[in-house]
Number of protein chains: 2
Amino acid sequence: MAKITPRTLSGFMELLPADQMKFERMLQVLRESYAAYGFTPLDTPVIESAEVLLAKGGGETEKQIYRFQKGDSDLALRFDLTVPLAKYVAANYANLSFPFRRYQIGKVYRGERAQRGRFREFYQADIDVIGDGKLDIMNEAEIPAIIYHSFTKLGLKNFKIRVNNRKLLNGFYAMNGMSEKAGEIMRTVDKLDKIGTQKVKQLLIDEVKMLPDKSENVLDFMAIQGSNDYVLSRLEAYRAMGEELFNRGLDELREVTRYLAAFGVPEENFAIDLTIARGLDYYTGTVYETTMTEHPEIGSICSGGRYDNLAEYYIDRQLPGVGISIGVTRLFYVLNEQGLLSDEPISAPCDALVIPMTEDMGAAVAAATALRRQGVRAMIYSEQKKFKAKMSYADKLQIPFVLLIGEDELAQGKVSLKDMTSGGQLVLSPEEAAAHVRAAVAEKNAAPVIGE
Amino acid sequence: MAKITPRTLSGFMELLPADQMKFERMLQVLRESYAAYGFTPLDTPVIESAEVLLAKGGGETEKQIYRFQKGDSDLALRFDLTVPLAKYVAANYANLSFPFRRYQIGKVYRGERAQRGRFREFYQADIDVIGDGKLDIMNEAEIPAIIYHSFTKLGLKNFKIRVNNRKLLNGFYAMNGMSEKAGEIMRTVDKLDKIGTQKVKQLLIDEVKMLPDKSENVLDFMAIQGSNDYVLSRLEAYRAMGEELFNRGLDELREVTRYLAAFGVPEENFAIDLTIARGLDYYTGTVYETTMTEHPEIGSICSGGRYDNLAEYYIDRQLPGVGISIGVTRLFYVLNEQGLLSDEPISAPCDALVIPMTEDMGAAVAAATALRRQGVRAMIYSEQKKFKAKMSYADKLQIPFVLLIGEDELAQGKVSLKDMTSGGQLVLSPEEAAAHVRAAVAEKNAAPVIGE
């Protein structure tokens, strides 16, 4: 029979078992970590009506959207988890209590040009807090604090959450009479990291058509760097200009900084960075980006911010919110590429392989049951193979323990427990073996996923 | 601004938070339960090349498939998790160890006619064991045993796993000279439950064009019911016919029955049922269906079987396997409809709500941190609202505990812990409060998801 090549589409991540296990661990840490802060899990369809999904107009993303007809329905695949959240909150407004805190971890779709490390199907792991009419500034500090704790739990160490405030930025542009050009300026300033101050200045003058001294003002402002206290004190100097929006932004930034410390986020993982703007128009207060300090080339691994109107396209209620999103697929890909994923937590399909060496499998079944009763993941090797093949199966899959049950063990009601790492072997009752394996794997599995 | 109605497509399940929490618990129980038996988690793309997905030819399902163009690619959404598994195993054959045991829990898509309780996007939770060339019969008993343990863990009690064997069936048709009509007969016999023996007999004679005595033979065979021992002994009577396929099927059925008992599956949850055939052509040995004994109208909630050739469209290797699939979305929908989901496990977004009653939130942050440190899911209520509104938030969300921190508590370094169920209140240190809540919620959360 002619075969079809079993290929997976490019831009779609599909992992081998050991890597998949690591990926699942990451998701589970995020689920538990988000849940610890009182976020409720949400799940929305991957397919939505195109009209609903594109209510806002797609802009840049519109070209990337997977959109198709089925019957006479115009459908599209979600390209983020924020639009579905807006739809959900608008549709279920009367049944929700606000602030509404939800997390969602799911796949989203963007038909980007295929490129190494760029995915067309990828997981986002989002948290958002939505208020009804109002939402306290404290949430703008709690969100990055949750990210700090989540990343720390994953084992990530060298990262920095960069925080800025859109009111502060917009206020700054207003006080310089540059409000209409603010968008263009921000897009240009965004290139600072890549092309440097001189070239950005030239672009501001040549393309944004700014006067040299005005562009100087912008670059001076963006150059304010240092400890959070220092940056805040330098910003205070602008307060006297009396630009109300700027001053409110500065107050918010100060408050967020203060609360972040209260939430236990150390200064080395958190910095005010005035160059952060976030492209999206709808951010109106605090904005976040997160970079791996040893790998700045990767760009932001987690971004978000405060918005004033989540669902204005669907509902006549003002629903301010703050949210952040981790691009989990890309983060995993990068960590794996860099060799930063730990091999410590067990990525074998089980903790112990039970190998029966007699015809009857009753004792093997009983031993596996004893293992599972103590929370040990157990598999019975039931194929009729030579002993060597059975051991090599355990070996290839890096299963940490093997339980051998031959005639001798059967006669004694025992098992031989072999530690595949040390090679050591013990004769134990099935329950003792289970307790031994349980303790040994608990230790390994307590290790964080990322071994940075 | 004109609003777009925030609607969700019909046939797509989208749950309110408390129900979603119950659904997530079901998924988590299945994940843990499958992992306990040494199945490795797998994740494959939702979108595949249409050529790959439809290699086998879609048949009945082809019309239901979501298929579309993107650029010049002909794409389709997966309609089950078996075809992606076949592709995966064929593509990664050299990197896998066999038997390959994987579980996959994910969404699949079928554009069925919208109907109450029928979903176009739904979760399947599959386990499969794939052998390379061979696969021991023991796996055919272990698979339903895992389902028994998973359902039991979920709290389901009144269910029966019905087991049959395709070799036995095909052998029976062969010994009666009805092999060419076997498919048609099986489809007709499948209606026994719905239309009864007499009407099925009439159909066999009128439509399948069987002689009356032959149709009698079929119905006599299908009528064999009773304890597994009884059914097996009645089947033994056919052994003398010397039909090799039948006899092998009978041996397998006997073996599966024996091992199921060894795996601790009680007879009331497991029955040989000769009317089970499973429509799909590729099953070649044991087949399963699972019904809720109090709700037979629901049909099978979990089905599968043994097949001889998983990936013949992709690879020139014989890869026999056995698998089973739970239609989780439909199961959840039915359980919810029937009021069979338990309210015991907490479905609030957190276990404890920390309510600060002073301006400064430092103590609230510290208390929430103490709670989380002990594994308690904690949320801080940081909105500036009246006390009553804060309490009503906890009430509406059915959060079991509230920690109040006012001037008095602040002065003592304590919190007031209020049990929202009993109304009782205690003044405790944050750590004591955390321990108290932890113990109370552990008890509730140990309750199974299904309260049948």
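1. First, a term: domain bounds here come from an automatic or database domain assignment. For chain A, that assignment gives domain 1 (17–337) and domain 2 (352–445). The C-alpha centres of these two domains of chain A lie 49 Å apart.

2. A word on what you're looking at: this is a predicted model, where local features need pLDDT of at least 70, side-chain atom pairs count only at pLDDT 80 or more, and totals for chains, interfaces and linings use all residues. Residues are numbered from 1 along each chain as its sequence is written, while chains are lettered from A and ligands numbered from 1 in the order in which they are written.

3. Now chain A as a whole. Its C-alpha atoms fill a box of roughly 90 × 55 × 45 Å, taken along the principal axes. You'll find 15 helices and 16 strands in chain A; these are DSSP runs, numbered from the N terminus (helices are H or I, at least four residues; strands are E, at least two).

4. Have a look at the sheet in chain A. It's an open one of 8 strands with mixed pairing, in the order β1-β5-β6-β11-β10-β9-β7-β8. Two strands pair if DSSP finds at least two bridges between them. At the edges stand β1 (40–41) and β8 (270–272) of chain A, each with a single partner strand, so one side of each has no neighbour in the sheet. Strands β7 (residues 159–165) and β9 (residues 283–292) of chain A run antiparallel and are joined by 7 bridges. For instance, Asn164(A) has Val287(A) in β9(A) as its bridge partner.

5. What about the inside? Of the 452 residues in chain A, 47% are buried (20 or more other C-beta atoms within 10 Å of the residue's own, with C-beta atoms placed from the backbone).

6. Finally, the two chains. The contact takes 75 residues from chain A and 75 residues from chain B, where contact means C-beta atoms, placed from the backbone, within 7 Å. Helix α1 (residues 17–36) of chain A gives the most to chain A's side, with 6 residues. Chain A can be laid on chain B with an RMSD of 0.1 Å by a turn of 180° and a shift of 0.0 Å along the axis, superposed by least squares on the C-alpha atoms of residues with pLDDT of at least 70 in both. That is the relation of a two-fold axis.

Definitions and conventions
Contact = placed C-beta atoms within 7 Å. Buried ≥ 20, exposed ≤ 12 C-beta atoms within 10 Å, placed from the backbone.
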